[in-house]
Amino acid sequence: MLPDLEAFFIFAVMERVAFIINPFSAKKNYQPFLDELKKKVSNPLYYISESIPGTDDFIRENFDRVDIFVAIGGDGTISTVARNLINTDKILAIFPAGSGNGFSNETKFSKNLDELLEKIKAKASRKIDTFTVNDRLSINVSGTGFDGKVVKEFEKTSRGFKNYIKVSLKTFFNYKPIKVKFFDEAYQQYNGRYLMLNVANTRQFGNNAYIAPNASKSDGLVDMVLVKKFPLTYSALFAFRMFTKRLKDDEYVTYLPVSEISFKVNTKNWHLDGEFNKIKSPVHVKVQPASLNILT
């Protein structure tokens with residue numbers, strides 16, 4: 001392609017792209033990304049979001065003129081952008097800037113702006129599944145019990161992986177198991193007390209902690225992961241397996257691949273893609289197959 005035509009093509013593509021920045025992600029240090037973006041893209045359309053309603057309004061106002069919406073932040077930011085794009089032909093792209101970056105890891109987005117811009121120019125995409133928890137969207141991993149409590153306490157810190165480990169250890173020793181009761185007779189054998197219950201559309205929480213190493217984001221199913229409270233002697237093995245993609249069914253861990261399931265649980269503390277939420281029982285989880293367009 002001739003240089004002038006190539007420049008025009010790049011400009012035309014970037015005219016149809018919007019960058020949505022969460023200024024509270026990445027230790028509130030988004031300015032280097034924005035400076036680099038302005039050097040490489042002429043007059044980029046971007047929005048620095050300080051609220052979820054603000055993000056929703058920006059997407060709605062620019063929906064018809066934009067093909068690719070780029071979320072700059074963590075899984076919560078990505079989920080906020082994604083919910084506006086469900087079941088449309090609009091494409092979600094990501095520049096990871098969160099504390100865990102689970103979803104961006106699983107969808108192969110890196111902290112390299114040049115790579116992202118090359119993907120945007122190519123404009124290739126594919127459909128992946130999402131799911132809802134009582135009609136609230138989740139794109140990665142959501143859960144209740146121990147990790148719901150951890151996220152609640154973690155949000156009181158300055159975040160970061162070290163703080164997550166500290167909060168997790170402190171919470172583990174004091175946490176009482178939750179009670180789970182399934183409505184469907186086929187699953188009632190799993191009624192009982194659990195340390196945590198997770199619903200996994202992808203394999204990892206973030207930071208390469210693989211809670212569901214066999215989960216797929218394009219099979220029409222989520223992996224429900226039931227973890228019983230285990231003794232301290234098992235914790236090292238659990239951690240080793242989680243960080244090496246080797247977690248599996250055993251006396252403490254149960255995997256249930258499902259497309260839809262309902263149950264009661266005696267806590268309202270949930271996290272949806274790492275963001276704390278209050279969700280009342282009964283809880284209804286439902287997969288939305290091939291509902292989100294992702295840049296590849």
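Two strands pair if DSSP finds at least two bridges between them, and strands (E, at least two residues) and helices (H or I, at least four) are DSSP runs, numbered from the N terminus. The views below show a predicted model, in which local features need pLDDT of at least 70, side-chain atom pairs count only at pLDDT 80 or more, and totals for chains, interfaces and linings use all residues. Residues are numbered from 1 along each chain as its sequence is written, and side-chain values use heavy atoms, with hydrogens and water left out.

**View 1. An open sheet of six antiparallel strands.** Follow the order E12-E11-E10-E7-E14-E15. At the edges stand E12 (253–258) and E15 (275–278), each with a single partner strand, so one side of each is left without a neighbour in the sheet. On average, neighbouring strands are turned by 20° against each other, direction ignored.

**View 2. The pairing of E14 with E15.** Strand E14 (residues 269–272) and E15 run antiparallel over four bridges. Look for Asn269, whose bridge partner in E15 is Lys278.

**View 3. Helix H2 crossing helix H6.** The axes (lines fitted to C-alpha atoms over the stretch in contact, with angles from 0 to 180 degrees between N-to-C directions) of H2 (residues 31–40) and H6 (residues 113–122) come within 11 Å and cross at roughly 50°. H2 and H6 are therefore oblique to each other, a class for angles left over once those under 35 degrees (roughly parallel), over 145 (roughly antiparallel) and 65 to 115 (roughly perpendicular) are set aside.

**View 4. Residues where H2 meets H6.** With contact meaning heavy atoms within 4.5 Å, Phe33, Glu36, Leu37 and Lys40 of H2 meet Leu113, Asp114 and Leu117 of H6.
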